[in-house]
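Have the structure open in a viewer and follow the selections in order. Each stop names what to select and then what is there.

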Amino acid sequence: MATPFKFSLIFGDGPNVPPEQIAPGFEMAEVPGHLFAVPFASEGEWQKNKAKVESYGLPPVKVSSHWLDKLMATGPDVDWELLDLWTKRMFSRLSQLGVETVGVYGVFFPVRNGFSKTKAMDQAIRYANTMADYAAPLNMQIALEPMADPGTLWPSYLDGIAFAKEVARPEVKVMADLAYLLKLNEPFEDVAKEPEYCLHCHIAGEPAQPGNGDRVEIHKHLFRVLRDMGYERGVSCACPWVSTDGGPFDFTKETAKTLKYLQNLRDEVYAE
């Protein structure tokens, strides 16, 4: 039997995602980098944040998301000095948490009105190379996340791969996010066209987490694609968490239910 992919959970991204209340059993954890690594915070503040993350008793923190916060990497007002400081500290601090795969949102690479798309692409390639320069000595990789936004340089998953190829650095690859694949009606099979480029996956369910609503066939379809392409990395739940039984919201209960739901589907798919 093929080695199955691993389930991860993003933690601390808002008041409904308290890290200390995540149900046990997840195989990985995903940290929102800008909230915990905080590049503009002092070294003393960083050490406090690092100790806080380590106190949560989470599974291995292997992935990050939420990269640039309010900064942008393209446009007429890019501050390269500020970006360099942010990037250097973010990679250093995330590596200290154990992060190996750094997720970077596509919305940080906008196509601005009145600004040359060619210049924006040149800026994006320059910044991707900057990230790769800091990632390489730490044995980290960058998962660019296309976000189905036509106002960005690479809105679709295949656009993201094309951009990564343009950058041509082994550290720069792509993340597949279910929500954005669905938004653009992209075939899930696109993820399998070049499996070596897929570093991480997100499952985001609207208006709630997996297991709430009729998404079984959607999730099974994605899981079959991942199984058939030999994907063994992480699949993170990045969800708008709500109560699935009408009672008071209980994060431990809901993460346990979600994990069980996902594990059952994964087991079913791998047993086919």
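Select Pro 146, Pro 155, Ser 156, Tyr 157, Met 175, Ala 176, Asp 177, Tyr 180, Leu 181 and Glu 186: in this predicted model, these residues line the largest cavity. Its volume is about 40 Å³, and a search of the whole structure finds one cavity of 30 Å³ or more. Colour the lining by class to see seven nonpolar residues, one polar and two charged.

Next, show strand E6 (172-177) and helix H6 (178-183), each of which supplies at least two residues of that cavity lining. The largest share, three residues, comes from E6.

Now go to the largest pocket, which holds about 300 Å³ of space. Select Asp 13, Tyr 105, Ala 204, Ala 238 and Cys 239, the closest to the pocket centre among its 19 lining residues. By class, the lining of this pocket has 10 nonpolar, four polar and five charged residues.

For the last stop, select helix H2 (residues 43-55) and helix H3 (residues 80-97). Their axes come within 10 Å and cross at roughly 30 degrees. Angles under 35 degrees count as roughly parallel, and H2 and H3 are therefore roughly parallel to each other. Their crossing is right-handed.

Show side chains where the two helices touch. On the H2 side are Glu 43, Trp 46, Gln 47, Lys 50 and Val 53, which meet Arg 93, Gln 96 and Leu 97 in H3. The residues of this contact divide into three nonpolar, two polar and three charged.

Key: Residues are numbered from 1 along each chain as its sequence is written. This is a predicted model: local features need pLDDT of at least 70, side-chain atom pairs count only at pLDDT 80 or more; totals for chains, interfaces and linings use all residues. Side-chain values use heavy atoms; hydrogens and water are left out. Axes are lines fitted to C-alpha atoms, for helices over the stretch in contact, and angles run from 0 to 180 degrees between N-to-C directions. Helices (H or I, at least four residues) and strands (E, at least two) are DSSP runs, numbered from the N terminus. Angles under 35 degrees count as roughly parallel, over 145 as roughly antiparallel, 65 to 115 as roughly perpendicular and the rest as oblique. A crossing is left-handed if the near helix is turned anticlockwise from the far one by less than a right angle, and right-handed if clockwise. Contact means heavy atoms within 4.5 Å. Ala, Val, Leu, Ile, Met, Phe, Trp, Tyr, Cys and Pro count as nonpolar, Asp, Glu, Lys and Arg as charged, and the others, Gly among them, as polar. On a 1 Å grid over the protein atoms alone, a cavity is a set of points where a 1.4 Å probe fits but cannot get out, and a pocket is an open set with protein on both sides within 12 Å along at least five of seven lines; lining residues have an atom within 4 Å of a point. Grid points are joined across faces, edges and corners, and a volume is the space filled by probe spheres set on the points.
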